[in-house]
Amino acid sequence: MLLKRIYDESLAQASYLIGCAASGEAIVVDPNRGIEAYISAASAEGVKVTHVAETHIHADFVSGARELAARTGAELLLSAEGGDDWQYGYAAEAGATLLHHGDVFAVGSVRIEVLHTPGHTPEHLSFLITDTAVGDEPIGILTGDFVFVGDVGRPDLLERAAKLEGTMESAARTLFRSLDSFRDLPDFVQVWPGHGQGSACGKAMSAVPHSTVGYEKRFNWAVRETDEDAFVSAVLAGQPEPPAYFAEMKRINRDGPPILGETVRPPHIEDDQLANLLTARELVIDTRPAAAFAAGHVPGTINIPLNKSFSTWAGWLIPYDRSFYLIVGDGDGRVDEAAAALTRIGLDRVTGYFTESVISGWADGQRTLETVPQMTVTELEERLRTGDVAVLDVRGRAEWEAGHLPGVENVPVGLIADNLDDIPRDRPVVLQCQGGGRSAIAASLLRSRGWTDVANLTGGYSKWVAAGLPVEHPD
């Protein structure tokens, strides 16, 4: 048996290629839209993708299962569990094989048993893997978003992201019962989860890529908890705000992701077109680092730096019903990177891109570049004392509740656009997060919406605490 973990840093998401060297067959579980990675990995291992499966209807990225199966001719395997409301709408059209709890199938000498493990979602499956070429006991389990290293999949997303009211407590209780089947597995079984640290599908998952059932029984808080009410309370407490695009991902993955075919680079737009686009109120995303944006940017553009968090904030802030443009630095390779990251979350409407020469060209054309002033914690403390500045904490609610600047209100950065009426315009506004990254995005968003006196707190809450300045906690 061969096993290869394929990890997407921008999504903190793991897919798995499992194959049989003797038969030359392989299965890919939970592929994202970057299907070339799986085809290349299979080719490098000397196997052919004959099966494609996924553990559940994903909320944080567009599934590549349908496209990978279509490209390779592989058998597509999808869950039939979860009831009528959680069936794949495109399964029949795609010729998919539907899986139920207890089903068993083989990929060469690799035996795969299907386990229904609901809680994170009603239809969720896990796959118990046995390498029959060497033994008759399982070697590992692909847990998807059921069990992570150090955590479990959050059961609140259907209510908080998909807006299915009144579902998260019952989902938490279902998840608690599903953990019984996990605890019954032998301690030596390896755990291969669908996400790592940084994913919004859990709140406390480890950066360690894999584990064992025995280790999780000893050290995973959720697996150790045997009181159902205590588990429900703990698993629902402190969950981060689910990105707004999660509901869109659920819909796309349930109804059927469109097949993209060959990826095509968006067209390059000449610099002199930017002014006309902004006059027409087109959406332009500047993907340069926050420091470069703060030092000088074209008025009306929004800064979402092209880093590991790019997909998350793009999904929060770019509407799915609008076309948009990018400003990218460092050559055409960066636009390919940005477009691929956007495609992973279904933002396919990139109309074109500018290179960073548009910034200098804007200034050379006698137009003014805007800046985002940076304020130190010492300066902010003085301004708060005189009361002539408004401060907005744009971290997640759980972070704010763990401690915040005295008297400072909280609006997570992804929710700012929905709360503009509550943000003052009659005095300077300082945006603050944990380290300065999210607040930089928030500052750019306010500037694009007409706020003229906006600053970013350098170093954020971490710097404030390190300086020994006072903090407070909710009552």
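**View 1. Cys20 and Cys433 in the predicted model.** Cys20 is buried in this predicted model, because its relative accessible area of 3% falls under 20%. Cys433 is buried as well, with a relative accessible area of 2%. A disulfide is a covalent bond between the sulfur atoms of two cysteines. Searching the whole structure for disulfides gives zero.

**View 2. The largest pocket.** Rolling a probe the size of a water molecule over the atoms shows where empty space is left. The largest pocket holds about 1200 Å³ of space. Its lining is made up of 48 residues. Nearest the centre of the largest pocket lie Gly198, Ser199, Ser309, Thr312 and Trp313.

**View 3. What lines the largest pocket.** At least two lining residues come from each of β1 (2-8), α11 (310-317), α15 (397-402) and α16 (437-448). By type, the lining of the largest pocket has 22 nonpolar, 16 polar and ten charged residues.

**View 4. The second largest pocket.** A volume of about 770 Å³ belongs to the second largest pocket. It is lined by 32 residues. Leu317, Pro319, Ala417, Leu445 and Arg449 are the lining residues that lie nearest the centre of the second largest pocket.

**View 5. What lines the second largest pocket.** The elements that each supply at least two residues here are α8 (246-255), β15 (283-286), α11 and α16. Of these, α11 gives the most, with three residues. The lining of the second largest pocket divides into 19 nonpolar, four polar and nine charged residues.

Note on methods:
Residues numbered from 1 in each chain as written. Predicted model: local features only at pLDDT ≥ 70, side-chain atom pairs only at ≥ 80, totals over all residues. Heavy atoms only, no water. 1 Å grid on protein atoms, 1.4 Å probe; cavity = no way out; pocket = protein on both sides within 12 Å on 5 of 7 lines; lining within 4 Å. Points joined across faces, edges and corners; volume = space filled by probe spheres on them. Helix = DSSP H or I, 4+ residues; strand = E, 2+ residues; numbered from the N terminus. Nonpolar A, V, L, I, M, F, W, Y, C, P; charged D, E, K, R; others polar. Disulfide = S-S within 2.5 Å. Buried < 20%, exposed > 50% of the residue type's maximum accessible area, 1.4 Å probe, protein only.
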